[in-house]
Amino acid sequence: EEGERVLCFHGPLLYEARCHKVNTEGEVDLYLIHYNGWSQKWDEWIPETRILKFNDTNLKKQSELIKHHKKTQNRGKNKKLKLIDNVESEDAFSAKVCIQIELPSQLKLAVLDDWDLITQQRHLLKLPASVPVSVVLDEFRLYSHSVNKTTDINRDHVLEGLLGYFSRLLGMQLLYQFERAQYADIMEEHKGVSVCDLYGAEHLLRLFTRIGELLAFTELDNNAISVLQKYIHELLSFIELHRGKYLCSENYYVATPDYLRRVLLN
């Protein structure tokens, strides 16, 4: 019921919460939950299967889950890494160029927050993005030109390549499962429009968490790798400097009950 004090599953644990709204339209009843002591941005619509009554029995269950979770974490820390059987030969592995793309600390946090908001809190990003990837890269190009006072062909080639990678990989590798229905909707609504003009910096950062392993399989020499790393790191520093514009929390919203039903029923 609205206003009722409850316990809710969030991942493997139970948290104290309060039910703010109930939506009984459609096949699955959904409840808007606010977690006690948490910011409103963590509010989410969830099904009844994640909700328990607030009583002594379930409080005991909450305590048992916390203890079990702590034991599991401690066991995980003591496990030794296992070797994989069918690994590449040393020569084949050494022949690949290792490409390291290190995200600045604030952008690492942004990637983690993005993962949590989408996969755990059932939020979505507003689309089309207020500042899409194509604009982010154009603004970086202008910024770089104003600083260096010269036209840089290598930089422009790198940015064009990033646009190409982003266009090809977004639908296949840069979306969380929860976003796929939204992707289908936005591509249907904006037929013929590049994803670079629809998605923003949040998804661009996801590309940079994977681009090192992807480029390791290309035929780039050491000089090309150095140039690529140089401009990607400059771009990441630029995004970090302007993260208030490109990565603001207002870009997210709580998924609607109708959207949640579509995802849950698929």
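Q: Which residues does Arg50 touch, leaving out those up to four places away in sequence?
A: Arg50 touches Leu7, Cys8, Phe9, His10, Tyr35 and Glu44. Keep in mind that this is a predicted model.

Q: Where is Arg50 found?
A: Arg50 sits in the loop between β4 (44-47) and β5 (51-53).

Q: And is Arg50 buried or exposed?
A: Arg50 counts as buried because its relative accessibility is 19%, and the cut-off for buried is under 20%.

Q: Where is the place of Asn58, and is it buried or exposed?
A: Asn58 belongs to helix α1 (residues 56-78). Asn58 is buried, at a relative accessible area of 12%.

Q: Zooming out, how many helices and strands are in the chain?
A: The protein chain has 10 helices and seven strands. Of its 266 residues, buried ones make up 39%.

Q: What share of the contacts join residues at least 24 apart?
A: That share is 70%, taken among contacts between residues at least 6 apart in sequence.

Q: OK, on to the inside. How many residues are in the largest nonpolar core, and which have the most contacts inside it?
A: The largest nonpolar core has 38 residues, and those with the most contacts inside it are Leu162, Phe166, Leu204, Phe208 and Ile239. At least two residues of this core come from each of α3 (105-120), α4 (133-148), α5 (153-173), α7 and α8 (222-241). Another core lies apart from it, with 14 residues, including Leu32, Trp42, Ile118 and Ala255.

Q: What does Ile239 touch, not counting residues up to four places away?
A: Ile239 touches Leu107, Val136, Leu204, Tyr246 and Leu247.

Q: Which residues line the largest cavity?
A: The lining is made up of Ala129, Ser130, Val131, Gly200, Ala201, Glu202, Lys245, Tyr246 and Asn251. By class, that gives four nonpolar, three polar and two charged residues. Both α7 (201-215) and α9 (243-246) supply at least two residues of the lining.

Q: Tell me more about Glu202. Is it buried or exposed?
A: Glu202 is buried, with 8% relative accessible area, and is found in helix α7. Leaving aside neighbours within four places in sequence, Glu202 is in contact with Asp114, Leu125, Tyr246, Leu247, Asn251 and Tyr252. Glu202 and Ala110 are 92 residues apart in sequence, with 7.9 Å from C-alpha to C-alpha.

Q: And pockets? What space lies in the largest one?
A: About 420 Å³ lies in the largest pocket. It is lined by 21 residues, and the closest to its centre are Lys41, Leu117, Cys248, Ser249 and Tyr252.

Q: Which element gives the most to the lining of the largest pocket?
A: That is α3, with seven residues. The elements giving two or more residues to this lining are α3, α7 and β7 (252-254).

Q: How does the lining of the largest pocket look by class?
A: It has 10 nonpolar, four polar and seven charged residues.

Q: Now backbone geometry. Which peptide bond is cis from Leu127?
A: The bond from Leu127 to Pro128 is cis, with omega near -5°. Pro128 is in the loop between β6 and α4.

Q: And what is phi of Arg122 near?
A: Phi of Arg122 is near 60°, a positive value in a residue other than glycine. Arg122 lies in the loop between α3 and β6, and at 27% relative accessibility it counts as partly exposed.

Q: Last one: which residues of helix α10 are buried?
A: In α10 (residues 257-265), the buried ones are Pro257, Tyr259, Leu260 and Arg261. They pack against β2 (13-23), β3 (30-35), β4, β6 (123-125) and α6 (180-189).

Methods: Residues numbered from 1 in each chain as written. Predicted model: local features only at pLDDT ≥ 70, side-chain atom pairs only at ≥ 80, totals over all residues. Heavy atoms only, no water. 1 Å grid on protein atoms, 1.4 Å probe; cavity = no way out; pocket = protein on both sides within 12 Å on 5 of 7 lines; lining within 4 Å. Helix = DSSP H or I, 4+ residues; strand = E, 2+ residues; numbered from the N terminus. Nonpolar A, V, L, I, M, F, W, Y, C, P; charged D, E, K, R; others polar. Core = buried A, V, L, I, M, F, W, Y, C linked by side-chain atoms within 4.5 Å. Buried < 20%, exposed > 50% of the residue type's maximum accessible area, 1.4 Å probe, protein only. Contact = heavy atoms within 4.5 Å. Points joined across faces, edges and corners; volume = space filled by probe spheres on them.
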